[in-house]
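Have the viewer open and try each task before you read its solution.

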Amino acid sequence: MFLEPAYTIDELITRCKVGERKAQELLYKQLASKMLGVCMRYATDRMEAEDMLQNGFIKLFNKLDDYRGDGAFEGWVRRIMVHTAIEYYRKHHKMIQIIDMAEISDEPSVNPAALENMSVKDLMNMIQQLSPGYRMVFNLYAIEGYSHKEIAGIVGITEGASKSQLSRARTILKDRVTKMEDKKYGYAG
């Protein structure tokens with residue numbers, strides 16, 4: 001059995017920049033599962049996430065010369081994947097529905113113990129079930145760390161709409177967590 005030689009990320013980047021296919025394959029293998037997780041947060045299903053991932057890697061290899069090594073390479077790749085996923089979404093889906101801030105009621109509080117007892121998989125499933133617009137803004141803000149101003153520019157909505165979408169997504173998620181806990185412990189509600 002032939003084992004692949006082990007390269008550092010920097011060595012793989014250097015080899016990829018000169019177009020070495022084997023280095024591209026190794027870099028893909030090293031990052032694909034994590035980046036598929038990023039794409040899954042924006043996709044409607046796994047097949048769509050895989051398309052986003054492929055498009056993202058094509059973009060990554062085409063833009064590799066732009067990577068200056070200032071920050072973590074994985075963070076740079078993640079940004080490419082997020083932007084690629086959003087571009088894919090814009091191209092293949094209707095854009096985000098905008099809701100008015102007046103529609104939003106006070107957000108219910110969630111028992112901290114409920115979150116401690118919840119698995120990451122359960123929480124990710126709840127996020128995946130949000131409407132595409134809410135999910136996109138929630139992911140960009142809460143998971144990727146973008147500001148509302150940045151989200152507005154990326155998605156093509158106003159800052160107010162971004163804040164509104166995030167607030168509504170949080171309300172929906174809190175309600176689902178509460179319902180899950182109530183069901184788990186048999187509370188009527």
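**Exercise 1.** How do the axes of H2 and helix H3 (residues 46–63) cross, and which residues meet?

*Solution.* Start with the axes: those of H2 and H3 come within 9 Å and cross at roughly 135°. (Axes are lines fitted to C-alpha atoms, for helices over the stretch in contact, and angles run from 0 to 180 degrees between N-to-C directions; helices are DSSP runs of H or I with at least four residues, numbered from the N terminus.) That angle makes H2 oblique to H3, since under 35 degrees counts as roughly parallel, over 145 as roughly antiparallel, 65 to 115 as roughly perpendicular and the rest as oblique.

Finally, look for contacts, that is, heavy atoms within 4.5 Å. Residues of H2 including Leu 27, Tyr 28 and Met 35 meet a set in H3 that includes Leu 53, Phe 57 and Phe 61. By class, this contact has 14 nonpolar, two polar and two charged residues. (Ala, Val, Leu, Ile, Met, Phe, Trp, Tyr, Cys and Pro count as nonpolar, Asp, Glu, Lys and Arg as charged, and the others, Gly among them, as polar.)

A word on the model: it is predicted, with local features needing pLDDT of at least 70 and side-chain atom pairs pLDDT 80 or more, while totals for chains, interfaces and linings use all residues. Residues are numbered from 1 along each chain as its sequence is written, and side-chain values use heavy atoms, leaving out hydrogens and water.

**Exercise 2.** Is the crossing of H1 past H2 left-handed or right-handed?

*Solution.* First find H1 (residues 9–17) and H2 (residues 21–40), whose axes come within 8 Å and cross at roughly 135°. H1 is therefore oblique to H2. The crossing is left-handed. At the contact, Ile 9, Leu 12, Arg 15 and Cys 16 of H1 meet Ala 23, Gln 24, Leu 26, Leu 27 and Gln 30 of H2.

How values were computed:
Helix = DSSP H or I, 4+ residues; strand = E, 2+ residues; numbered from the N terminus. Left-handed = near helix turned anticlockwise from the far one by under 90°.
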